[in-house]
Amino acid sequence: MNYLYFLYIEFLAKYNIPQLFGDITFFVIPCVIIFVALLLVILALVLFERKLLGWFTQRKGPNRVGFWGLLQTVADAFKLLCKENVTPTGADRFLFNLAPILIFIPVMICLGLIPFSSEFTFMNFQTNLLIYIVIATMPVLSILLAGWASNNKYSLIGAMRNVAQILAYELPIAFTVLSVIVLASSMNLTQITLAQSSKLGVLGWFCIPCFIGLVIMFISTIAELNRCPFDLPEAESELICGYNTEYSGMRFALFYLSEYGMLFANSLLISVLFFGGFLSPFGKYLTSGVLIYFEQAFWLFLKSFLIIFIMIWIRATLPRMASFDLLKFSWVVLLPVSILNLFLMVILKYIGGLHV
Amino acid sequence: MTKLKLNLGPQHPSTHGVLRLILELEGEKILSCEPDVGYLHRGMEKMAERLSYVQYLPLVDRIDYLAGFFYSELMCRTVEKALNLEISDKVRAIRVMMLELNRIASHLLWIGAFLMDLGATSPFFYAFREREMILKYFEKVTGQRMMNNYFVFGGVRRDIFDLEDVENILATLEKKVPDYEKLITENPIFLQRTRGKGILLKEVALNSSITGVNLRASGFDLDFRKRDKLYCGFYFEPVVLEGTDAWSRYKARVLEIIESSNIVRQALEYLKKEGELNQSLINPLNIKLPEGEYYSEIEAPRGLASLYIKSTNEKTPYRLKWRTPSFYAVNLLRKILVGEYLNDAIAIAGSLDIILPEVDK
Amino acid sequence: MNWENFKNIFSDVETKGDKLIVKTNIAKTIDFIKNNYHFDVLKNITAVDLKEQGVELIYHLFNVEDEEELLVSILVNDVAESVSKIFDSAVADEKEIYDLFGVKFIGNDELKRLYMPETWEGHPLKKDYVENDERLNWNDKA
C-alpha cells in the first residue's frame, strides 16, 4: 500500500499539485473505485448466474438486451431504479427505510478488507480476518429489521429463520477460520496468502492440509448467504420472498445487490483462505513488473468465480433443506467436526514446527 | 407463545392456483388449517342444466386443465351408456392411448411442480421438456394443446396419425425417467424432506375418500382402470407402494409414468395393425337421453372421477354432478397438516397433487 | 350380501333398481351399512332438486373388498342428518350441498358456504333459483 501511496504522490508532484490534496484523495479514490467496481461485478455476477442457470435447465438464459444478453442486468437495475417505492401501511417507516441502507455498508467494508494483490488492500490491518468475520455477520441485523418493520408475517418468519440460521452457521465458520489462522500464524489476509506460497504452487495451499475445514467453510458460507439449499429465509414456495417481500424498487435492489455482493466477498475470502488468494497456481507468476499485480488480481478473481460457479451448480441441483434439519446439521455435524479440525491443525502445525 | 394466523394464498407461489389456507401457527408449527376454496368456481354443474349435451362437451375439458381427456371421456361414456352406443375397438385403443399420454403429461407436470415446492428449480424444466413432446402431439392430432375436445359421442373427432411421434415420446421417456430417478429419488435432501412426512394411513385415506395414486401409495390396491371396460384387453399392474408418506407418493407417480407408457405401447401396437376407423356417430344436435339416472366413473390422474346425469328426456340434463378427486384431497388438508411445520406443510400439500379448477368446478 | 338382517332392523327401506331408498335415520343406516357390510368409502353425495318433493340426496357407497357399489338415497326438505362423523369426506360434500342446495346438515360443525361468498343470497342449483342481474354485481357493493 505504501508503495502505491508514494507512486501516487510522485505522480501528483509531477503536475505541481500539493501533497495535501494527494493525502486526502488517496483515501477517497479507493472508496469510489470499490463502489463502482462492486456494482459492475454484481451486475456481471447476476448475469453469470442467470446464464448458468439457463444452461443447467436447458434454456438460453437472458439473450435479448444487448449482444448475447449482456445488458440484461443493466436494464433490470435501471427498471428497479425507476420503480415506485411502496411502504406498506402499518410498517415502521423509519426502520423500514433504514434496513436497506444498513445492509449495504458491511458488504463494502468486507470487500475493502480483501487483498486483491500483494500490494493492494484498501484497508490493511494486522487483524484483517477478524474484522471480516465480525462485519460479515452484520447483514443479519438489517434483515431482522426489514422483517420486523415490514408488518408482514411472511417477512417476519423469514427474518426469524435467517437469524437462527446465521447463529448456527457462524460458529463453524469461526472455528474453521481459527484453524487457518493457526496454520498461517497470522490474522492478516495478505500474510495468510503469502504463507501459502511455495515453489510447488498448488501444493502449498491450505486446501490440502485443511481440506475438512474447506468443506465446512464452503457449506457454512452457502448457509450464511441464504443460497440454495439453505435458502429458507427467502424460500419462494413457502414465504413468497421472505424478508424482502414488501420491498420494491431501489430498496429491493439494495437487498438484491448486497446479497450478490456478499456472495462475491465470501467467495473471495474462501479463495484467500484456502486457495492461495492472489498466488499463481504454477508457483511463479507468468508476467513481470507492474503487470504482476494485475495477474495476481486475475488469479484471485478466477478462483472466486470458480467457487461461485460451484455454488450456482449446487443451486441448480439440490432442493431446499427442512428448517429443523438445517439447524441440526450445523449444531450436530458441522460444529464438532470444525472443532476437531482445529485440533488437527494445531497438531499438524506443532509437528511441522518441530521439523523446521 | 402467541398464535399467529397466517393466510396462505389465494395468491401464493406454491398453492398451484387459488387455494387459500387459513393456518394457525405457533412458531412454525401448524395448529389448525382451514382450506377456503371457490376462487375458481365457474358453475360447471349449473351451466350443464341450460346447455345441450353437445354444447356442454367442450367445457368439460376445463374441469381439469391438465387432464382434460379424462373428463371428456367421462362425459362421452355416460352419454354412450344412456344411448346404448357401442364404440369400436379402434376407437377404444385411440382413447386409451390419448388418456394414458395425458396421464403421463399430468404426472410429469406434478413432478416438476412438487420439486419446485421443495425448492429445486431444475427438474421443473426437465419435466416440461418431456411434457412438451406430448402436448405437441396432442396439438398435431386434436388441434389443441390442452383443452383438446377430441372425443365425441360414439367415437373420436378424427382418425389418428403420425404414430411414430408417440414412439418417439416413449423412447424419450424410457431414457429420461431414469435420469429423474438419479437426480431426485435418492437425493439425501429430497429424502429428508419427504421420507416419513405427511403420513396418510390407508384407513384415513379411505375414510376421507382419497383415491388414485395417493391411496395406492398408502398401500391399498384400488385402481378403477381394472374394472373399466375401456381398458379391457390391456395388460398393466397398478403401482402399489407401502410407504404411506410423501416420498412414496412421488415414487408411485414416477412408476405410474412407466406403467402408463407400457399401456400406450400396447395401444400403439394395436393401432399400427388396425385399418379404417369405424365409428358409431349420431347426430349430436338432437341428443336426448332417455329418462333415468346414469352414472359412470374413470380413474383420472388424481384419483376417481365420476359423472352422474339425471335426465328427464329433455335436450338438457335435469341434473349433472361431477365427482372430482382433488375436492377430497383439499378436505383432507384440514387433518393432515395439523402438527406439521410450515416447511413440511408445503411439501405435504404438494404431494397430494391438488389442482384447483377440479376442486371448484 | 345378506340383506335379510338389514331389512329386519330397517323396515322402511325400499329398493328401487340398484338404489336403496331410506325414509328416515340416514346416518344410522349408513353407519350400519358401513360397519356390517364393509362399505368403507363414501365416494360422494349427489343432491338432486326434485322441486315439490324436496331434495334427493344420493350417497354413493363403495365396498373396497368386493368392489361393490351401493346407492343409498333419501328425500329431505332443507334439513338433513349429517354423516360427517362417519365419513370425513362427507364434510366437504355437505358443505357443497349446503351452499348449492340450501340443505342444512345437523351434526356437521363446519357447515358454511363453500364456493359462494358468505353474503350470497339463494342457492344456485335449486330449480327455483332466479338469477338477478343486480346480484351478479355483488363485488361492487362491498
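This is a short walk through a predicted model, chain by chain and then across the chains.

A word on conventions: local features need pLDDT of at least 70, side-chain atom pairs count only at pLDDT 80 or more, and totals for chains, interfaces and linings use all residues. Residues are numbered from 1 along each chain as its sequence is written, and chains are lettered from A, with ligands numbered from 1, in the order in which they are written.

I start with chain A. Chain A has 13 helices and 0 strands; helices are DSSP runs of H or I with at least four residues, strands are runs of E with at least two, and both are numbered from the N terminus. The radius of gyration of chain A is 21 Å, close to the 21 Å from the globule rule for 356 residues, so chain A is as compact as a globular protein of that length. That radius is taken over C-alpha atoms, and the rule is 2.2 Å times the number of residues to the power 0.38. Along the principal axes, the C-alpha atoms of chain A fill a box of roughly 60 × 60 × 40 Å.

Of its 356 residues, 42% count as buried. Buried means 20 or more other C-beta atoms within 10 Å of the residue's own, exposed means 12 or fewer, and partly exposed is in between, with C-beta atoms placed from the backbone. Among contacts in chain A with a separation of 6 or more, 77% come from residues 24 or more positions apart; a contact is two such C-beta atoms within 7 Å.

Next, the core. A nonpolar core is a set of buried Ala, Val, Leu, Ile, Met, Phe, Trp, Tyr and Cys residues joined through C-beta atoms within 7 Å. Which residues touch the most other members of the largest core? They are A:Ile114, A:Ala265, B:Phe70 and B:Ile354, out of 231 residues. Helix H4 of chain B, residues 89-117, gives the most to this core, with 18 residues. Beyond its neighbours within four places in sequence, A:Ala265 is in contact with A:Val107, A:Cys110, A:Leu111 and A:Ile114.

Now the interfaces. There are 2 pairs of chains in contact, of which chains A and B share the most contacts. Here 24 residues of chain A meet 26 residues of chain B. On the chain A side, helices H7 (153-184), H10 (236-239), H12 (291-317) and H13 (323-355) each give two or more residues. Chains A and C do not touch, and their nearest C-alpha atoms are 21 Å apart.

Chain B has an open sheet of 3 strands in the order E1-E2-E3, with antiparallel pairing. Strands pair if DSSP finds at least two bridges between them. The edge strands are E1 (4-8) and E3 (29-36) of chain B. Strand E2 (residues 20-26) of chain B is joined to E3(B) by 7 bridges, and B:Arg20 has B:Asp36 as its bridge partner in E3(B).

Last, chain C. Strand E2 (residues 19-22) of chain C runs parallel to strand E5 (residues 68-76) of chain C, with 4 bridges; the partner of C:Lys19 in E5(C) is C:Leu71. Strand E4 (residues 55-63) of chain C pairs with E5(C) in the antiparallel sense over 9 bridges. In the hairpin of E4(C) and E5(C), 4 residues lie between the strands, and C:Glu67 takes a positive phi near 55°.
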